Each structure stands twice: as structure tokens, then as C-alpha cells.
Amino acid sequence: MKRVLILGAGNAQIDAIRYCKENNYEVYGCSYTNTDRGIPLLDNFKQIDIKDAEAVREYAEEIKADIVYSVGSDIAMPTVCKVNEDLGLPNFISSKIASICQNKNILREYLGQDFVGNIEYISASTLEEALSFDIYPCIMKPVDSQGQRGVYKINSKEEMEGFFNKSIEFSNSKKLIIERFIDGPEISVNAYVEDSVLKLCLVSDRIVFNELPGGIIKEHIIPTSFANENTVEKVRDLVERTIKKLNINNGPVYFQIKLDGENPILIEVTPRLDGCHMWNLIKNYCGVDILSASFEKLLFNKNADFKEDYKEGTYRLRFMCEKPHELFDRSKYNIDNNIYCEWYYENNDVVKPMNRYMEKCGYVIEVI
């Protein structure tokens with residue numbers, strides 16, 4: 001029986017835990033907290049900070065794991081790759097590339113200012129350094145956070161001064177990246193690479209709460225309405241060049257991109273499944289299962305057999321969101337005619353603060 005160690009056991013990782021359990025693998029997990037929603041689903045759990053690669057490696061050795069993996073977590077990926085390297089276990093990418101992708105500033109530097117699709121930016125550890133950026137509006141965010149934590153749109157030097165400390169508190173390295181703001185629609189790309197060949201490149205609309213800072217996600221919609229045929233080709237070119245530059249030869253890759261007219265600008269790229277259950281939306285839309293493909297490749301070196309069967313209509317993944325510290329009430333949300341529904345909270349549970357503005361409390365997949 002295969003033994004899988006999943007780093008993290010929160011809402012994003014539950015997809016991977018369930019998949020492994022449904023395929024009769026032994027599933028182990030670790031997290032810095034012992035309150036994650038996925039812990040009861042595990043065969044065994046140990047409270048370990050997933051950034052502690054040595055402690056995770058010792059646990060993986062103890063349980064004789066066949067693979068170490070995670071989904072939906074930038075923080076987990078450097079540890080995943082380092083532990084797999086140390087133990088000679090299957091890996092999609094090197095720990096070096098995982099660390100580059102996990103740090104927004106290092107990623108920009110690695111791609112280079114001349115990389116088409118990169119953006120004007122600076123890194124800053126002090127307010128004085130941040131104020132040297134004179135392109136407004138701009139986006140200020142921690143170089144090493146995730147889930148839109150500490151991300152702010154800045155319109156002036158006064159706002160830079162007001163939000164600097166709020167943003168940098170979310171950075172472990174106490175460093176920010178400040179980028180030119182692109183006033184265009186945002187798209188996501190879910191890609192899958194196999195033996196250096198791009199087998200899937202699916203563009204979707206990424207809908208955020210415009211009234212809130214930081215691009216907090218509200219919905220994903222496929223097929224895209226934001227990108228025309230010409231733009232989709234440019235997006236695919238950006239995806240292929242980025243994957244080649246990062247030497248990603250296998251596995252899932254998730255992109256956040258903004259459109260500057262018809263030109264795609266890279267916001268973030270991460271060599272993992274996203275944290276928004278997009279694999280589930282894609283599976284319902286066209287039958288391709290990138291979650292299954294990822295585990296089949298890691299555990300059995302099996303190539304994916306993607307038989308695309310695109311459905312008519314527009315498919316939406318919509319989050320039920322609530323402000324932190326509120327009592328959750330499922331009856332507030334219309335989930336009629338959904339294809340799939342999952343709740344993160346029971347009625348009267350207190351919504352936990354993550355990004356501190358608007359928290360995901362569940363999601364539905366529906367045809368609109």
C-alpha cells in the first residue's frame with residue numbers, strides 16, 4: 001500500500017487527502033496547527049511546522065513515505081521538494097525552483113527585466129526603500145506570503161506610508177515587493193506539463209472583490225470571456241516561456257496573469273495545483289483531472305491520458321465568503337442548481353481570520 005505524506009491539512013489540502021483515501025493509500029499529514037479541517041481524514045497526523053524541512057524529513061522517514069506532496073500551498077513546496085530530494089523520492093521540480101517561485105521578488109529577478117511579460121517592480125525592506133517607487137497606482141505585497149495576505153493597492157505616497165507596516169507583518173523575511181498596477185482584467189491559467197510538453201493550458205476568468213484590497217478571490221469562470229483568441233495565444237506563449245525558463249518538465253503549474261490590453265503580464269506562477277479547487281471545476285467542464293494526473297505521475301510514473309470533452313455553457317466556481325469573526329449562516333447563500341457544493345463551516349461557527357477582509361467559507365460549481 002502506498003504511503004503519502006501531505007503537508008498541511010486545511011481546506012485546499014483536503015482535496016488531495018480525499019483523493020488518496022479514495023484510492024486506498026495510507027495518508028499521513030503534518031501542519032503547524034492541530035485544528036485543520038482535514039486532520040480527522042488522515043490515517044496519522046503529527047504537528048510539525050511545514051517550513052521545517054528537517055522535521056518533515058524525519059517524519060517522512062519514520063512513516064516510510066512513498067511521496068511527500070501538497071496542493072494549494074506555496075509555503076509547502078520548497079519543503080516538499082527538499083525532502084523528496086533528500087530521500088530520493090519522486091519530484092516534479094527541484095527545491096531550488098520551488099524556492100524561487102515561493103518568493104515573489106526572487107522570481108521576478110530570476111525571470112529578468114527583459115523577460116516579456118515581467119513587470120516594473122522593486123523590493124523593499126524599509127519604508128524609505130518603498131517610497132523610492134514612483135509609479136502609481138501600484139501593488140504592495142509580501143514577497144513570501146500567500147492567500148492574498150498583506151496585499152494592498154497603493155495610490156499615493158501617503159497610502160504607501162499608511163499600509164507599509166500592515167503589509168510587511170505578513171512577510172517572514174520582512175520584505176515587500178512593489179509592482180506597477182495593471183488596470184485590466186485578471187485571468188488564471190491551469191497548466192499541466194509532461195516530459196517538457198505542455199499538455200493542458202486552460203485560461204479562466206479570475207473575479208475578485210474590487211471593493212477590497214489585494215485581489216481577494218470571489219469566482220473563477222471558464223471558458224474565459226476576458227481574453228480573445230489572439231490574447232489566449234499570447235498567454236500560452238507566456239506560459240510556455242515561463243515553464244521553460246523555470247525548467248519545469250512535469251506536473252501542474254498555476255498562473256495568475258493580468259491583461260494590459262491584449263498583452264498578458266505575469267503576476268504569479270507556482271508549480272503546484274492552485275488553492276481554489278480549480279481541478280474540480282476543470283474536471284466538470286472538460287473531464288480532465290489534473291489532481292489525479294499529478295498523483296499518478298508521482299506514485300507510478302504514469303503519463304496522463306487527457307481526453308478533453310468540453311461541455312457547452314459557462315462553468316463557474318463561486319466562493320461563499322464572509323467577514324472574519326462573524327457567525328456563519330449557510331442559509332444566506334443561494335446554492336440552487338449546483339453541480340458540486342462544499343462547506344468549510346457549520347452553522348454558527350465563527351469565521352476565522354486569514355486575509356482579514358473576506359474569508360472563503362465554502363464553494364459551489366455551477367453552470368451559468
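**Close-up 1. The second largest pocket of this predicted model has a volume of about 650 Å³.** A pocket is an open set of points on a 1 Å grid over the protein atoms alone, where a 1.4 Å probe fits, with protein on both sides within 12 Å along at least five of seven lines. Its volume is the space filled by probe spheres set on the points. Strand 10 (197-208) supplies the largest share of the lining, three residues. By class, the lining has 14 nonpolar, six polar and nine charged residues.

**Close-up 2. Helix 3 (residues 76-87) packs against helix 4 (residues 95-102) at about 175°.** Their axes, lines fitted to C-alpha atoms over the stretch in contact, are 8 Å apart. That angle makes the two helices roughly antiparallel (over 145 degrees). Helix 3 makes the contact (heavy atoms within 4.5 Å) through Met-77, Pro-78, Cys-81, Lys-82 and Glu-85. Helix 4 brings Ser-95, Ala-98, Ser-99 and Gln-102.

**Close-up 3. Helix 4 also packs against helix 5 (residues 104-111), at about 110°.** Here the axes are 5 Å apart. The angle makes the pair roughly perpendicular (65 to 115 degrees). Ile-97, Ile-100 and Gln-102 of helix 4 meet Lys-104, Ile-106, Leu-107 and Tyr-110 of helix 5.

**Notes.** Residues are numbered from 1 along each chain as its sequence is written, and side-chain values use heavy atoms, without hydrogens and water. In this predicted model, local features need pLDDT of at least 70 and side-chain atom pairs count only at pLDDT 80 or more, while totals for chains, interfaces and linings use all residues.

Notes
Axes are lines fitted to C-alpha atoms, for helices over the stretch in contact, and angles run from 0 to 180 degrees between N-to-C directions. Helices (H or I, at least four residues) and strands (E, at least two) are DSSP runs, numbered from the N terminus. Angles under 35 degrees count as roughly parallel, over 145 as roughly antiparallel, 65 to 115 as roughly perpendicular and the rest as oblique. On a 1 Å grid over the protein atoms alone, a cavity is a set of points where a 1.4 Å probe fits but cannot get out, and a pocket is an open set with protein on both sides within 12 Å along at least five of seven lines; lining residues have an atom within 4 Å of a point. Ala, Val, Leu, Ile, Met, Phe, Trp, Tyr, Cys and Pro count as nonpolar, Asp, Glu, Lys and Arg as charged, and the others, Gly among them, as polar.
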